[in-house]
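The stops below proceed from the whole chain to individual side chains.

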Amino acid sequence: MTQAKATSQAIPKSNAPCYRVALVEKAPCPSGADGKNWHRYVLDGVRSPITGLRQGTMKEVTEYAQQCADELNLRASGKRSPWAPQQRKTA
């Protein structure tokens, strides 16, 4: 079980991330899925935690969870996320 390390630096409230990786741990294979090496990750959020399952090494799943947290923080800050739909120009 890997816990995300907390920083000792205080982050100003306006720049404070809303989401962070709280936990990544080994998990059993979900029913209906194939393969080995499954992990469960938990993102602490503003309202409630977000839990997901992903196949891969601990490092790969931790990096994926961090990317998810970063994307959610971009959305929460009002900045454009790579996942946001492209705006169409009106003629």
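**The whole chain**

Begin with a cartoon view: the chain contains 1 helix and 4 strands, where helices (H or I, at least four residues) and strands (E, at least two) are DSSP runs numbered from the N terminus. Read from the N terminus, the order of the elements is β-β-β-β-α. The model is predicted, so local features need pLDDT of at least 70 and side-chain atom pairs count only at pLDDT 80 or more, while totals for chains, interfaces and linings use all residues. Residues are numbered from 1 along each chain as its sequence is written, and side-chain values use heavy atoms, with hydrogens and water left out.

Now switch to a surface view. The chain exposes about 7400 Å², of which carbon and sulfur atoms supply 52%; accessible areas come from the Shrake-Rupley method with a 1.4 Å probe, and for residues only the protein chains shown count as cover. Of the 91 residues, 23% count as buried (buried means under 20% relative accessible area, exposed over 50%, partly exposed in between; 1.4 Å probe, protein chains only).

**First stop: A33**

Select A33, in the loop between β2 (20-27) and β3 (38-44). A33 counts as partly exposed because its relative accessibility is 28%.

**Second stop: H39**

Next, select H39 in strand β3. Is H39 buried or exposed? With 2% relative accessibility, H39 counts as buried. Display the side chain of H39 and the backbone of G56: the former reaches the backbone oxygen of the latter at 2.9 Å, a polar contact (a pair of N or O atoms within 3.5 Å; within protein, one must be able to donate a hydrogen and the other to accept it, and residues adjacent in sequence count only if both atoms are side-chain atoms). Leaving aside residues up to four places away in sequence, H39 touches several residues, including V24, L53, M58 and V61; contact means heavy atoms within 4.5 Å.

Finally, look for aromatic pairs (rings of Phe, Tyr and Trp, its six-membered ring, with centres within 6.5 Å; planes under 30 degrees apart count as stacked, over 60 as edge-to-face and the rest as tilted). The count comes to 1 aromatic pair. The rings of Y41 and Y64 have centres 5.8 Å apart and planes at 75 degrees, so the pair is edge-to-face. This pair links distant parts of the chain, Y41 in strand β3 and Y64 in helix α1 (residues 58-77), 23 residues apart. Y41 is buried, at 9% relative accessible area, whereas Y64 is partly exposed, at 27%.
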